[in-house]
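Biologist: Please put the model on screen. I have some questions about it.

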Amino acid sequence: MLLGAGAANCGGGGDDDCKAGSVGCPCTDLGQCLGGLQCLSNYCVQGPGPGSASASGSASGSASGSATEPTSSTTDDPTGGSDPSDSEGSEPGGPRILQLLTNVTAITEDEAVTFTAVVTDPDGVADVIGGSLTSTDGTISFGAFATSGEEGAYSLQLSWSQIHQADKVEFETPSVIRTFRAEFFDQSGKSAFKTVDITLTCDDGERVTPAACNAVCTDLDSDDLNCSHCAIECERWDPDLKIGACVASACSPTFYGCVYYDDFVNCDQTCATFGETCVAGGCAGDTSRNTQSDQCDSSSYGNDAHACNENPNEHNITCCCSQTI
C-alpha cells in the first residue's frame, strides 16, 4: 500500500466537488473521515501503515537497520502562508502539500532514503504539474519527484552517493542533519513547499572518532589518510611495523632523511632539518636505521634506542622523528 495516497477522489473543480470525508477532501463537520482515513488540517488523507515504507515499493535500511515504516513527516496548514521557521508555505489558490514523509530518519554510506509527498490543489490534482527536492535555499537540486499510481502522490529516492554528488558529504562529527525542501507547482505557477530533516551518520558504535571524509565513513582516530581531520595524511614508513601510523588521532613518529655517514652528525640535527624532534627509540624501538644503499627503506636494520645526540657510525642513516600534523 502506498504511503498517504493522493487526492484520487478529488475532482477538478476544487473543494466544492469533493465529498466531505473522502480522500483529499475536507473532513466532515464533526471532523471525521470515511474508510479509516485520517483528518489532518481539516483534510482527509491516508495515514502511514504497515508495509508502506516507500512510495516506490522499495525501502532502504537506516543506520539502525529499521526501514519498515515512515519515521519523519510534516503536515500542511491548508490555509496557506508559511510558519516562522520557514519549514512550510503555500500561495493562496495554489497547491497544498498535505504530507511529506520519509521512510527513515537517518542513513549512512551505501544507503538511501525515500521521500513521499501527498499534494492537492483547489483546482484539482490534475492542476499540479510536479515538484522537486532541493536544498533549503533552492540552489542545489537533488531531483524531481515522480508520480505514482494514484493521483496526488509523488515519490523520490535519494542515495548517500547522490546526495554527495549534489552537495558534498563531509563532516568531522559522528553525524550531521541535512534539511531538504520539497516544492510543488501548479499550471498557474503558484507553489507550495515543505521541509524535512534527514540525519547523515557514520557512527556505527565501533569507530572512536567517526566522521565522513569525501563521503566515506572513517575513524579520525586511526585513519592514516585522515588523521584527526579529513585529508591529514600520516607518513607511513613501514605498514607491517605501523611506523608513522595514525594512533589516537595523531601521526606517530616515523623515519626522516637518509644521510651518508660522512655528513651525519646525530639524529637531533637530522630531525631538526625537517622541523621535527628526534624521538629516542620511538620507531619500533629504534632511534635510527642504517643500510648499505642510499635508499634507507624498510629493508634497513635498526640501531636500537641510542641517544638522539649520538652517532651510530653507520653508512646511510635515517632517524626517528616526531610527525607534526
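This is a predicted model: local features need pLDDT of at least 70, side-chain atom pairs count only at pLDDT 80 or more; totals for chains, interfaces and linings use all residues.

Modeller: Residues are numbered from 1 along each chain as its sequence is written, and side-chain values use heavy atoms, with hydrogens and water left out.

Biologist: How many helices and strands does the protein have?

Modeller: Helices (H or I, at least four residues) and strands (E, at least two) are DSSP runs, numbered from the N terminus. By that count, the protein has two helices and 21 strands.

Biologist: What share of the residues is buried?

Modeller: Buried means under 20% relative accessible area, exposed over 50%, and partly exposed in between (1.4 Å probe, protein chains only). The protein has 325 residues, and the buried share is 48%.

Biologist: How many salt bridges does a search of the whole structure find?

Modeller: A salt bridge needs a side-chain nitrogen of Lys or Arg within 4 Å of a carboxyl oxygen of Asp or Glu. The search of the whole structure gives seven.

Biologist: Glutamate 88 forms a salt bridge with lysine 194. How many residues apart in sequence are the parts that this pair ties together?

Modeller: The closest N and O atoms of glutamate 88 and lysine 194 are 3.5 Å apart. Glutamate 88 lies in strand S4 (residues 88-90) and lysine 194 in strand S13 (residues 191-201), so the pair links parts separated by 106 residues.

Biologist: Is aspartate 167 buried or partly exposed?

Modeller: Aspartate 167 meets arginine 178 in a salt bridge (3.6 Å, N to O). Arginine 178 is in strand S12 (residues 175-186), while aspartate 167 is in the loop between helix H1 (160-166) and S12. Arginine 178 is buried at 15% relative accessible area. Aspartate 167 has 26%, which makes it partly exposed.

Biologist: What is the relative accessible area of aspartate 286?

Modeller: Aspartate 286 and arginine 289 form a salt bridge (3.5 Å, N to O). Arginine 289 counts as buried at 10%. Aspartate 286 is also buried, and its value is 7%.
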